[in-house]
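Could you take me through this structure one feature at a time, giving the general idea before the particular case?

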Number of protein chains: 2
Amino acid sequence: MARVGIRDVAVLAGVAVGTVSNYLNHPDRVSADKAQRIRYAIDSLGFIPSNAGRQLRLGTSSVIGYLAPDVSNPYFAEIAESVERRASERGVTVFLANSHRSQEREDAYIEVFEQHRVQGLLMSSHVPVEDRLARVRKRGTPSVLVGQRARTSEQPSVSLDDVSGGRQAMSHLLDVGARRIAFVGGPLGIPQVADRLSGASDAVRRFGAATLEVIDQPDRTVRGGLDVGAALLARPAEMRPDGIFAVNDLLALGIMQTLVLGGVAVPRDVAIVGYDDNEFAEASLIPLTSIRGRHEGFGVAVVDLLFDAIERREITEPHRMFEPDLVVRASTEGFGGA
Amino acid sequence: MARVGIRDVAVLAGVAVGTVSNYLNHPDRVSADKAQRIRYAIDSLGFIPSNAGRQLRLGTSSVIGYLAPDVSNPYFAEIAESVERRASERGVTVFLANSHRSQEREDAYIEVFEQHRVQGLLMSSHVPVEDRLARVRKRGTPSVLVGQRARTSEQPSVSLDDVSGGRQAMSHLLDVGARRIAFVGGPLGIPQVADRLSGASDAVRRFGAATLEVIDQPDRTVRGGLDVGAALLARPAEMRPDGIFAVNDLLALGIMQTLVLGGVAVPRDVAIVGYDDNEFAEASLIPLTSIRGRHEGFGVAVVDLLFDAIERREITEPHRMFEPDLVVRASTEGFGGA
DNA sequence: GTCCGTCTTTGAAACGTTTTCACCGTAGAT
DNA sequence: ATCTACGGTGAAAACGTTTCAAAGACGGAC
């Protein structure tokens, strides 16, 4: 089953290979009858142009890569979706890859993408990657950091203003009347987590008459939330927080489940705020108040920024930041029995 | 910023290109001192081998593709994850792509994967694809159909036994005492949906003294579930089903939310069973009884089957089927106030 | 009838890699 | 000192495509 190449097509159609290539890339340059013969030959041979050959000649492919820690996380999935939509509008295809939170696999995938000479690389990560991306850029592959504000001005990035998000979440908890508030999340070394905490503690500081407890839970999943919930239940009631700000929705849902099943009323006894506003925040039996980033806009911003970099256009604003919104739902409405 | 090639490395290291190639692919054939000079040259130039060049010469790359309708769906995400794990054990990388339920984009991505001469293609789809994959196979790219039993013996596939899953779900509802049961899902043209319904109605038929109503809801998301729930609430109470089997968990969670907020007690008034057992089934405030496929095993089975096809090994069992399990939780335990 | 311009077609070169094969130098055996 | 074996090296060909320069075909204007 030898692969069929452009040469076979040319022979069968009785034309030169150059003509077949023209048919594929500049259809206007080839006459109607030859076009038809070529079309027939392609169909009957099942010819599929080799990307390798084309790429070798052209020096680049029309693919971009998106490397995320975990595409199954609705947060990244949503971004991937909007990126794909925009990329398809601009005529490039997106290859997704999961780094699985492993730096080793992150590096491996970066290298694979480089080997494939993708036009550009989009990357979301839980750890700083500016230096690695700088090396990649030096070798010729531009990139956009997604979901995390880059700390160098050479590295374009698109992110949410997590400081503002944290501030909004915390202000809301204070507004509804919570005073002994717990921030749940981790590890604090992750920029997104640190920023949210920073915004939150800023809000508490300004408000004054409230306390902020930090519960470090690096496992930001439903399961991690269940653990935190159990730990809170084990405390005497007066030691429990009356407001909880979880660093993402999964965590918040887990916490909420344990508390409610343990007899703590949400939102009467404790108000809970999540982050990301994923599909399940709204679908929960006690719908979850959350912070929503408008990720649809992400796709356009990210892809367009990447193309600016690819085409070496002047980038006036390398760090695009989106402002998140607070979405109030039942998990905080009615705190204290109001 | 001209790309640096193997030739530049050879010049800087003062050796022939063939030697550099040997260093990369057959390190044992090159002497220690030249190896060191080459290593230095590669590092200082930032050389990344071009996949295009290599692939052109070799005729194939070490990449496989997984094309799914929607990687953000936990069901496919889990599969993708286990596939990636196994693939990485076998030394190939996986590129993911989202078809977004659009056949047009499905075809486009298939073609892109073919152009890239992936070693093989994994595909999940909501529609029959055997004929398209047959064409692809004829052109030289083997594939494995994932999550759907192929209807030809030439097309390898790995799937769950959805008929059995449907039967288990329904038997359980009958066991706990439900008699007026609704099956929610659609479109019925989708094999997975049809199979689950077929298993379910088989169980009802055998049992005898129960009715099965089919509620066609093609939007198998939380939102779709909310709609169905609202429709059920609008009925007079005696017209409502006392058992609901939703074709996936998202749908079930949406239905449950509307019903509970509308004053219907779950599981006392109505028992609900989902399908897929995703993370949120367990995390719901009323944890959801569901049907669980052991998708971890999927990865190994799928990738190994694909490699059998790639290496033209004799495939004795083209259709691997996994048996799903019933996971009983609060949404059915205690039906009727028991 | 000749010339010119336009439109189409052609063949060859080039892209970056791997592999094959021939060659060279060295070491060990005679 | 000569021969043999062998490991390491280098030059060149091949992979499939696109592009480019040049040649060819054709029709219209003089």
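The dialogue below takes up a DNA surface, a chain contact, a sheet and some backbone features in turn.

Q: What kind of model is this?
A: This is a predicted model, and local features are read from it where pLDDT is at least 70.

Q: Which residues come nearest to DNA strand C?
A: There are 29 residues around DNA strand C, and those that come nearest are A:Gly18, B:Gly5, B:Ile6, B:Gly18 and B:Gly53.

Q: Which helices each supply at least two residues of the surface near DNA strand C?
A: From chain A these are helix H2 (17-25) and helix H4 (51-58), while chain B brings helix H1 (6-13), helix H2 (17-25) and helix H4 (51-58). The largest share of that surface, 6 residues, comes from H2(B). By residue type, the surface near DNA strand C divides into 11 nonpolar, 11 polar and 7 charged residues.

Q: How many residues does each chain give to the contact between chain A and chain B?
A: A general point comes before the counts. The size of an interface is often given as the accessible area lost when the parts come together. Here the description is by residues, and the contact takes 46 residues from chain A and 45 residues from chain B. On the side of chain B that touches chain A, at least two residues each are supplied by H4, helix H5 (74-89), strand E2 (93-98), helix H6 (103-115), helix H11 (249-261) and helix H12 (279-283) of chain B. H5(B) gives the largest share of this side, 6 residues, and the side as a whole divides into 20 nonpolar, 15 polar and 10 charged residues.

Q: In what order do the 4 strands of the open sheet in chain B stand?
A: The order is E7-E6-E8-E9, with parallel pairing. Strand E7 (211-216) and strand E9 (271-273) of chain B stand at the edges, and because each has a single partner strand, one side of each is left without a neighbour in the sheet. From one strand to the next, the twist averages 20°.

Q: How many bridges join strand E6 of chain B to E7(B)?
A: Strand E6 (residues 180-185) of chain B is joined to E7(B) by 6 bridges, and the two run parallel; B:Gly185, for instance, stands opposite B:Asp216 in E7(B).

Q: Which strands does helix H8 of chain B lie across?
A: Helix H8 (residues 162-176) of chain B lies across E6, strand E8 (243-246) and E9 of chain B, and runs at about 165° to E9(B).

Q: How should I read phi and the peptide bonds?
A: Most residues other than glycine have a negative phi, and most peptide bonds are trans. In chain A, the bond from A:Val266 to A:Pro267 is cis, with omega near 10°, and A:Pro267 has its place in the loop between helix H11 (249-261) and strand E9 (271-273) of chain A. In chain B, a cis peptide bond joins B:Gly186 and B:Pro187, with omega about -10°, and B:Pro187 lies in the loop between E6 and helix H9 (191-207) of chain B.

Q: Is B:Arg101 buried or exposed?
A: B:Arg101, which has a positive phi of about 60° although it is not a glycine, is placed in the loop between E2 and H6 of chain B. B:Arg101 counts as exposed because it has 12 C-beta neighbours inside 10 Å, and the cut-off for exposed is 12 or fewer.

Q: Is B:Asp277 buried or exposed?
A: B:Asp277 is found in the loop between E9 and H12 of chain B and has a positive phi of about 50°, although it is not a glycine. With 26 other C-beta atoms within 10 Å, B:Asp277 is buried, since the cut-off for buried is 20 or more.

Notes:
Residues are numbered from 1 along each chain as its sequence is written. Chains are lettered from A and ligands numbered from 1 in the order in which they are written. This is a predicted model: local features need pLDDT of at least 70, side-chain atom pairs count only at pLDDT 80 or more; totals for chains, interfaces and linings use all residues. A residue is near a molecule or strand if its C-beta atom, placed from the backbone, lies within 6 Å of it. Ala, Val, Leu, Ile, Met, Phe, Trp, Tyr, Cys and Pro count as nonpolar, Asp, Glu, Lys and Arg as charged, and the others, Gly among them, as polar. Two residues are in contact if their C-beta atoms, placed from the backbone, lie within 7 Å. Two strands pair if DSSP finds at least two bridges between them. Axes are lines fitted to C-alpha atoms, for helices over the stretch in contact, and angles run from 0 to 180 degrees between N-to-C directions.
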